Amino acid sequence: MIDSSFDRRDFLKVMGWGGAAVALSGCGNTSIEDGKETVVSYVEAADYVIPGVSVYYNSTCAQCDAGCNINGRVREGRVLKLEGNAASGINRGKMCGLGQAGVQHHYNPDRVREPLLRNGDRGEAIAWDKAYALIAEKLNGVSGDEVAFLSGGVSGHLKVLLGNYLESLGSKNHFVYEAVSPAVVRAANKKAYGNEMPRFSINKAKVVLSFGADFLGSWVSPVHFSQQYAQFRKGVNGQRGVLVQVESKMTLTGANADRWLVVRPGTEGVLALGIINALGASGVALSGDAAAASQGYDKARVTSETGVSAEHLDKLVALLKERTPSLVLAGSAAEGYAHGSQNAAAINLLNQVLGNVGKTIEAPAVLPFPQMAPAKGSSLALKSLNEGLAAGKYKVLFTYGANPVFTAPGSMKFKDSMGKAAFKVAFAHYLDETALQADLVLPLDSALEDWGTQVPEYLADGAQINIQQPLMEKLHPETRGMGDVLLALIKQRQADAYKGFEDYYSYLRSALLQNKGALGGGGSDDDTFWDATLTSGIIKLAGAAGTLSASSAAGLKLPEAAAADAQFPMHLIPSVTANLRDGRHANQPWLQESPDPLTTIVWDSWVEIHPKKAAQMGIVEGDIVEVASKTGTIKAQAYLFPGIHPDAVSIPLGRGHEAMGRYAKGFGVNPFQILDAVYDQETGELAMHETRVKISKVGQRVIVVKDEGVIGGKQDGRRIALSKTTDQVKLSEEI
Amino acid sequence: MHRILRLSFFLMGLLVAAGSHAADAQKPTLTTEDSLGPQVTQPIEFPHYRHAGLRNPNDPTNSDPNKGGMEIDCQYCHTYARRSAVAGIPPLQKCIGCHQNIESVRQKPRIVELFKYWDAKKAVPWKKVHDLPDFVRFNHERHIKRFIEQQNRPTQEACGYCHGDVKEMTVARRSKPLTMGWCASCHQKEHPVTGEGGAPIGNQAYWYKFQKPAADKSGGEIKAQGPNDCWHCHK
């Protein structure tokens, strides 16, 4: 031990001189390691492979379902960087941060590298042919009704092949599950416009009124909407578009809005009907349905129920009346309640009253191959699977592209239900929570190693089929593409029908070549068409335009506001962030490391509390608070945030993994765990925002790790980033 | 007691620093003179002299491996250098392409070894002899364009500026310091950037210092200095 009189300063002095000595003597050639590094040359090199010179391949981003077309830079056989494909109508050469992190999905050190068979608590590596044989054995004597397949959203040829496999098993139990999906809005859109996902033209609108739709961050097709938003902001005929965001917890889109209106959680529909009522009162002709639905929603009632002031309501109505066309969007905040369908219907009705249908809400293109259209995920699917599992209905369970043990609401107790299936097979990239419960884990190729076709749900710019192709050789020899695995499994059942396909690539190729004419390749020979398709990465289809059918909103009635719950007084808003979404990519460190756009917090979860509420409860930033619902409790650091309703707290989704590798496990908490089993009454979807909680201080305090504020943003008087207070600037483009 | 201990530490540090500094100061930094790197043992002792060496005029069949070479152009094997920033190592395929047709040496130990790698489809684990720190970006392509394609200098001369007289070597050995000072010793010289009559050499649109040198009224050669921005190499 060093005596205390040899203090830190002296120690540093000596170290400093020692360091200088090392540095000086290191000035020669010593940093160059001649003859130590190995340079590995190619054994055989293709003509186009030049070390140091990149080649580029087009493919499709698999980080979310928006289906952005990407262009990967590959050097020395390694994919280094992804960018958007400029020819894409969806993302037009751009990409989001989530997409950029796709390389970390591919190079992730925690990928499963060989098939694993459960032996007690451990997984033992087995060979693929043994794994296939085991599946065949376990399916032997099991009827189709006893087999369930849970997947995330699938589309294209994989969906067709999966459907054929289930058919060969005689099973109709394909559950398509997405933890965070606009399922309620889809149903409401279907009712209001005759179409689940019409095209929203933000760029054609002069006012966008968004009820909690985070279209710049995480909603439906954010890269596409961001570009539309940029055009909308530049304005049509010199008139800059105005964005008004209505929500209970500020999203990235809300932070960009000209006016952000906080509403009492769940009262989005009330405000929509209130606006309709006020529009009617100001002379806008209302249909009978609209008049009936909005009857009684006068200014006084709306103001008291929603908390939006009369002044703001008047301004909003004047704005919507003055500037047409406008666009009203219903997002996840509006749909996440037991009356989510009614909320969404009221919001869609507002579009009809404003005459936006056909102007800013347009019919989407129709995909000429309906069998390839995406199977859209919902949480209803998980609910029915869970009920079946709990009742012991299913003996064999397959899971692919979903992590229900992590994302199912705690009240569902999915893990226990899953245990009742006798044999569980997980097709997985990582040992996530669901794969850990499986009996057999089959390792998949990453999205940058695999073949595939994908059709996005939101067809931004005409119908198109996206091509997914390998950007590089497999990193791990024992992983397989999902298509290849399905093909091998289906050959167990129908060997003759599929014997012509050596692998999924040949299946894909022959399937696309068969329809060459319809895919726009008529007249060219097979190889030319195929090469052109792989080069562009997109097949644009001359699909017929769909139609919108206006329908009545007869019978629309919002329920009375629920009585306050004395035991659980606060609303819990589980927020969907642009980076982490439902948490399937939480093991990509870039996503953990990029600061949340609103709070700038990294690598951890937080509980957003309104400063007034926090002051009442004596909570300051960094206090560990316990958030308790009927279902469970979690503890996380408090973050004081003025962009939230005082009666609500918000915790971001995506963190709090108990497995899934070194970058996901143990960071933050998982709010899915404490979600109550409340469902939307019409669609049966999980009402994500209906959970009521109480919060209490635990007594610990931590330093919140974030970029913002005194700790992260200290400028030492150097005037690096200058700031003004809000009253010094004109905040709004509103009139 | 502790004071003395501290002082001795302090002085020792000083001494070491000063000593190493003095040793360093003696090294010539701006020079083109040779600075031999370590002798590196390669998995196969590749005879550069036999491939690139000059023919022996007294041996028309060129059969004595110790007395004459094949005069193969460096770029025949090191084909990436003119197309990329990095020179790369020739793919094994390249060696085999010729050697599968040269029966006379097929049973020589080095060739037998070579074919072992080829049959196993394994890359030869060559050791790197010319290494630059990761923060330096040297561009082979640009140097070859300038010296060989624009100024028509012989390949071996141009490559030799940095790699030494490889045609005399067995396995390559670093023979220049490859330090920044050594790079600058060439780049500080005045380069001709226009030929006779003021025409830019090779019609290149780029000029050192990012500006076209003033025209020489006499119509003679115009010279300019090398890159003068850090990021040319440190990017």
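Visitor: Which residue lies over the face of A:Tyr679?

Guide: This is a predicted model, in which local features need pLDDT of at least 70 and side-chain atom pairs count only at pLDDT 80 or more, while totals for chains, interfaces and linings use all residues. Residues are numbered from 1 along each chain as its sequence is written, chains are lettered from A and ligands numbered from 1 in the order in which they are written, and side-chain values use heavy atoms, with hydrogens and water left out. A charge is taken to sit over a ring if NZ of Lys or CZ of Arg is within 6 Å of the ring centre and within 35 degrees of the ring normal. The residue over this face, at 4.1 Å from the ring centre, is A:Lys383.

Visitor: How far from the centre of the ring of B:Trp118 is the charged end of B:Lys121?

Guide: In chain B, the ring belongs to B:Trp118 and the charged end above it to B:Lys121. The distance from that end to the ring centre is 3.7 Å.

Visitor: How are the rings of A:Phe215 and A:Phe225 arranged?

Guide: Rings of Phe, Tyr and Trp (its six-membered ring) pair if their centres lie within 6.5 Å, and planes under 30 degrees apart count as stacked, over 60 as edge-to-face and the rest as tilted; the whole structure holds 24 such pairs over all chains. For A:Phe215 and A:Phe225 the centres are 6.4 Å apart and the planes stand at 85°, so the arrangement is edge-to-face.

Visitor: How many residues apart in sequence are the parts that A:Phe215 and A:Phe225 tie together?

Guide: Helices (H or I, at least four residues) and strands (E, at least two) are DSSP runs, numbered from the N terminus. A:Phe215 belongs to the loop between β10 (207-211) and α7 (222-234) of chain A, and A:Phe225 to helix α7 itself. Ring pairs also link these two into a cluster with A:Phe200, A:Trp219, A:Tyr229, A:Phe232 and A:Tyr458. The separation in sequence between the parts that A:Phe215 and A:Phe225 tie together is 10 residues.

Visitor: Is A:Phe215 buried or exposed?

Guide: Buried means under 20% relative accessible area, exposed over 50%, and partly exposed in between (1.4 Å probe, protein chains only). Because its relative accessibility is 0%, A:Phe215 is buried.

Visitor: How far apart in space are B:Ser175 and B:Ser35?

Guide: B:Ser175 sits in the loop between α7 (155-163) and α8 (180-187) of chain B, and at 7% relative accessibility this serine is buried. Although B:Ser175 and B:Ser35 are 140 residues apart in sequence, their C-alpha to C-alpha distance is 5.2 Å.
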